[in-house]
Amino acid sequence: METMITLVVGVLVSVATYLLLSKNLIRVVLGTAILSHAVHLLLMTMGGLKIGSVPILGDHVDTYTDALPQALILTAIVISFAVTAFFLVLVYRTYQSTGTDNLQQMRGTNDE
Amino acid sequence: MRENDVILQTVSKVAVFIILTFGVYLFLAGHHNPGGGFIGGLTLSSAFVLLYLAFDVETVNAGIPMDYKMVAATGVLISVFSGMGALLFGSAFLSQTFAYFDLPIFGKTELATVVLFESGIALGVVGVVVTIMISISEDV
Amino acid sequence: MNNILVFPMVLPIIVGVLLLFFRSNPNIQRWCSVLTMVVVFLISLWILEKVMNEGILRLDFGEWAPPFGITFVADAFAMLLVSTASLVSILCLLYAVFARDERREKFFLYPFLLLLVAGVNGAFLTGDLFNLFVCFEVMLLASYVLMTLGGEKKQLTEGIKYILINILSSWFFLLGIAYMYGTLGTLNLAQLSQRIAEAGQPPLLTTISILFLIVFSLKAGLVLYFWLPGSYGALPTAVSALFAALLTKVGVYALFRFFTLLFYHEPSITHTIIGLMAIVTMVGGSLGAIAYVDLSKIAAYNVVIAIGFILVGLASHNVEAIQGSIYYLIHDILVKGLLFLLIGTVIYLSGKTRFHQASGLITNYPLLGWIFLITILSLGGIPPFSGFAGKLLIGQGALGAGEYVLTAVAFLSSLFVLYSLLRIFLNMFWGETSIRTQNQIPLSKGMLAPCLVLAALTAGLGLGMDVVSPYVTEAAHVLMNPELYIEGALNNE
């Protein structure tokens, strides 16, 4: 199971990298969203994928699920949600004000 | 401006209440089962977003005259102050507690302070999500 | 129980959010935010004093004992930085109050400045790796908004690059956290330190440490500083001063924490790499500082050079060098804020962004000119000012560690700092005045006052070294002896 999830993470990262490298801004935004999902999956895998037990550690418990990675992922999801939303609005505003969504045309100021 | 959306409007009039109820259920269930402030808040805000989709922004704003930025701010304040409340009782920041009470109708009920914290989160999520949706859609 | 520890982070958040309700009343926004930072500054001084008397303080959130819950840990190093950061924020906020940028003020300038400070203070205080990530993100989200507030074209395009680079570095940060949790099974800094020490830092952990090195280098602008000059150049003065003073320093703080508390077992690998990176940073920063004629670019490259210089202390990794770095870090937070305020004021007054387009400003604004000279001297590390002590100690420490090349590059870079800034001074302030008296934009006392206070502070810090030195010694002592931090962060009395 761990191997499979790791493969999924790899696929997601490569997709995200491809999207990030394109010049179209919307694709870049989508790329960052996928990138963050990839790392959330990785966090989950690193915490250990155990099935069918509760996150309670008692005296007579053989298996238990580690609750910490889930708390971490929830926090990370909220943060990436906020960042993506802000980024999306920013990209839209930039598109309005510059009239382009091509990163090539947004290079630095052409002085000096 | 847009095509006939009678079906969408009629369905959403009913569906919005179902979604809102489900959102409140998820929010309250969060104490022992899957759910909680964040998830409940997201569900609640999806009801608002559905309203904005089915009717236009002006109509909904006339019906629900709320500034969602202020909703979000109120939410954050409630959450932070519920954490600060613990300081008054000499406990550490963000400490939570719960107790069982015998209420008239509900019988023996568990009341937990974490609900206050979670309600702040839910308000915050609703405020932020709807603000984002409106600010993206405003000037299309 | 030390609930007081949470106030440097929570107070700015509460006031910042409350201010959202007073959008229509700029005066409440202005003075409430300044007042809040004054209170935070006083509280942090009080905590610093308490730390000196009682040792490391800890607060367990929600009374979850470490390593299970989130903790705030205050040692002298963290509290020194919290105090300095709060002090600089007071002055930058004051500058913003008098600069009267009403368009930005209406769009929640002050709430986001307060949130930024909250994130910075939280990052200094947290004793937990994941919370460090969260505080970074609070700080970064506020900085994204501040970066693009106002919506000028340049701000928007630079903002996109800034956000993109930071999303990427946050991604690396999470990656590092995932690997760390996968290998060591904890995220509490003190417990991590224990477990790494038990394992003796095998190659796997060293690799993870390099991952964190990349993350924090991106934030601090160590080698990976290419995003920095463009972004800082697009900002309004008060915000750029706060960015220059605080944002990169949080990255530096994290580097110091990581490579003194966690990954100190393989200095021949990690600290050598840091040393090399410091050299590249200083050389690149120096080249940038003399290559450009744009004022804000020169100032931004000076930030880069200083980062390299501070990291020389970490690379040398002995008590003296670390002490020097702490001195220099405090000095740099103050004086970089001052430099950016001055550069912004000069651009505002002369209306020119390049230094050969104006001259003779000292005739029009004598006080401003002399403050600028003090800043240059302080940045160059000339004796009575605050840069001197840090440079001296870092130099001694680096020589003591046998890092001769590093020392040479570090002191050469100081010459470049002096040269690049004296060039501005000689061109813009000396010579025939280019602004006639009747066209002169009046310089409000309110804008000058924060600069004056900062200049007085850098002079005072240089002369009154004895006041600060016990705190710095204590901070360096804890940094060099991780077991003290572990004891303070994990003990259950």
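This is a predicted model: local features need pLDDT of at least 70, side-chain atom pairs count only at pLDDT 80 or more; totals for chains, interfaces and linings use all residues.
Trainee: Why is α13(C) called roughly antiparallel to α18(C)?

Mentor: Helix α13 (residues 295–316) of chain C and helix α18 (residues 404–429) of chain C pack at an angle of about 160°, with their axes 10 Å apart. That angle is over 145 degrees, so α13(C) is roughly antiparallel to α18(C). Their crossing is left-handed.

Trainee: Which residues of α13(C) meet which residues of α18(C)?

Mentor: Among them, L295(C), I298(C), N302(C) and F309(C) in α13(C) meet residues in α18(C) that include L406(C), S413(C), F416(C) and I424(C).

Trainee: At what angle do α13(C) and α17(C) pack?

Mentor: Helix α13 (residues 295–316) of chain C packs against helix α17 (residues 387–400) of chain C at about 35°, with the axes 9 Å apart. This crossing is left-handed too. F309(C), V312(C), G313(C) and S316(C) of α13(C) make the contact with I394(C), G397(C) and A398(C) of α17(C).

Trainee: Why does that contact have three polar residues?

Mentor: Gly counts as polar here, so G313(C) and G397(C) join S316(C) in that class. The contact also has four nonpolar and no charged residues.

Trainee: How do you know which element of chain A gives the largest share of the side that touches chain C?

Mentor: We look at where the residues come from. The contact takes 28 residues from chain A and 25 residues from chain C. Both α2 (25–46) and α3 (68–98) of chain A supply at least two residues of that side, but the largest share, 15 residues, comes from α3(A).

Trainee: And what is the side of chain B that touches chain C made of, by class?

Mentor: The contact takes 13 residues from chain B and 15 residues from chain C. The chain B side has nine nonpolar, three polar and one charged residues.

Trainee: How confident is the predictor about chain B?

Mentor: Chain B averages a pLDDT of 86, and 96% of the residues score at least 70. Among its elements, helix α1 (residues 6–29) of chain B has the highest mean pLDDT (92) and strand β2 (residues 107–112) of chain B the lowest (80).

Terms used
Residues are numbered from 1 along each chain as its sequence is written. Chains are lettered from A and ligands numbered from 1 in the order in which they are written. Two residues are in contact if their C-beta atoms, placed from the backbone, lie within 7 Å. pLDDT is the predictor's confidence in each residue, from 0 to 100. Helices (H or I, at least four residues) and strands (E, at least two) are DSSP runs, numbered from the N terminus. Axes are lines fitted to C-alpha atoms, for helices over the stretch in contact, and angles run from 0 to 180 degrees between N-to-C directions. A crossing is left-handed if the near helix is turned anticlockwise from the far one by less than a right angle, and right-handed if clockwise. Angles under 35 degrees count as roughly parallel, over 145 as roughly antiparallel, 65 to 115 as roughly perpendicular and the rest as oblique.
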